[in-house]
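My notebook for today is open.

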Amino acid sequence: MTRVHADVATAAQSYDRAAQDVTLIAVSKTFDAAAIRPVLEAGQRVFGENRVQEAQGKWPALREDFPGTELHLIGPLQSNKAKDAVALFDVIHTVDREKIAKALRSEMEKADRELPVFIQINTGAEPQKAGVAPSDAPDFISYCIDDLKLDVAGLMCIPPIDDTAAIHFGFLATLAERHGLAGLSMGMSADYETAIQFGATHVRVGSAIFGARTPPAK
Ligand SMILES: *Cc1c(COP(=O)(O)O)cnc(C)c1O
């Protein structure tokens, strides 16, 4: 944990960025409360989970012991889980279609709770992957900001596994800049330093902090 924290700060410095401009999200998916507790005790207060139900099982109790902990949803969201997601999470990184955007708008209104969101872009246009197709991105971003008045913090991507991540990070940064969006949620254990070089404001790091996941979860 401490090592990853130091590495994020070092990477930021070497690319002329302020360390506090890069938020390290510790991705605790598949790990139980006993594994998460030491990371909280080490001072980490921003965590990412990819499943609403799994997060509901472990975070309410952990948060009682560690108030002020911020929880980010980094996995795909189903509209029937939007209400629970709005109640539990502080930031949603995976808005990628009209149905989800609308469900979030409506649940946030009902809960009187406004969450910052990231729009997920399928930068590699991979058929099996979540995210807005790059060609649909400009319209969808405008729809979320202008029509739904969502608090769009920025863009998020997960580069194709067999591609050079830097190309996707660079593309996402350009797209965000074009829309005047400051936030960039990009970079995981294998490539967070590269992501920081390309302007990441939020890196999502799991295995480098918690160790390998067994069984592997997506
Ligand atoms: C699991 C996951 C991560 C963390 O992956 P690591 O390679 O373990 O760092 C980051 N982002 C998303 C969307 C994930 O699902």
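**Entry 1: the end of H2.** I started with Gly43, which comes after helix H2 and has a positive phi, near 110°. Helices here are DSSP runs of H or I with at least four residues, strands are runs of E with at least two, and both are numbered from the N terminus. Gly43 sits in the loop between H2 and S2. I looked up its accessibility: at 46%, Gly43 counts as partly exposed. For the record, buried means under 20% relative accessible area, exposed means over 50%, and partly exposed is in between (1.4 Å probe, protein chains only).

A note to myself on where this comes from: the model is predicted, so local features need pLDDT of at least 70 and side-chain atom pairs count only at pLDDT 80 or more, while totals for chains, interfaces and linings use all residues. Residues are numbered from 1 along each chain as its sequence is written, and side-chain values use heavy atoms, with hydrogens and water left out.

Entry 2: Which residues of H2 are buried? I found Ile36, Val39 and Leu40 in this helix, which covers residues 33-41. Down the axis of H2, the buried residues fall within an arc of 100° (taken from the directions from the helix axis to the C-beta atoms), so they line one face of the helix.

What do the buried residues of H2 pack against? I noted strand S2 (46-49), helix H3 (52-65) and helix H9 (207-210). Contact, in these notes, means heavy atoms within 4.5 Å.

**Entry 3: H2 with H3.** I checked how these two helices sit together. Their axes come within 11 Å and cross at roughly 30°. The axes are lines fitted to C-alpha atoms, for helices over the stretch in contact, and angles run from 0 to 180 degrees between N-to-C directions. H2 and H3 are therefore roughly parallel to each other; the cut-offs are under 35 degrees for roughly parallel, over 145 for roughly antiparallel, 65 to 115 for roughly perpendicular, and oblique for the rest.

On the H2 side I listed Ala33, Ile36, Arg37 and Leu40, which meet Lys58, Trp59, Leu62 and Asp65 of H3. Sorted by class, this contact has 5 nonpolar, no polar and 3 charged residues. The classes: Ala, Val, Leu, Ile, Met, Phe, Trp, Tyr, Cys and Pro are nonpolar, Asp, Glu, Lys and Arg are charged, and the others, Gly among them, are polar.

Entry 4: Next I looked at H6, where Ala137, Phe140, Ile141, Tyr143 and Cys144 are buried. The buried residues of H6 fall within an arc of 155° down its axis, so they line one face of the helix. Asp139 and Asp147 are exposed on the other side of H6. The cover over the buried residues of H6 includes strand S4 (91-95), H5, S5, strand S6 (152-156) and helix H7 (165-178).

I then zoomed in on H5 (residues 98-111) and H6 (residues 137-147), which pack at an angle of about 10° with their axes 11 Å apart. Glu98, Ala101 and Lys102 of H5 make the contact with Phe140, Tyr143 and Cys144 of H6. By class, I have 4 nonpolar, no polar and 2 charged residues for H5 with H6.

Entry 5: Asp112 has a positive phi of about 50°, although it is not a glycine. I found Asp112 in the loop between H5 and strand S5 (117-120). Is Asp112 buried or exposed? It counts as exposed, at 71% relative accessibility. Ala125, another residue other than glycine, has a positive phi near 45°. Ala125 lies in the loop between S5 and H6, and at 52% relative accessibility it counts as exposed.

**Entry 6: Gln120.** Last, I looked up Gln120 in strand S5. Gln120 is buried, with a relative accessible area of 4%. Leaving aside neighbours within four places in sequence, its contacts include His93, Val95, Ala130 and Met156.
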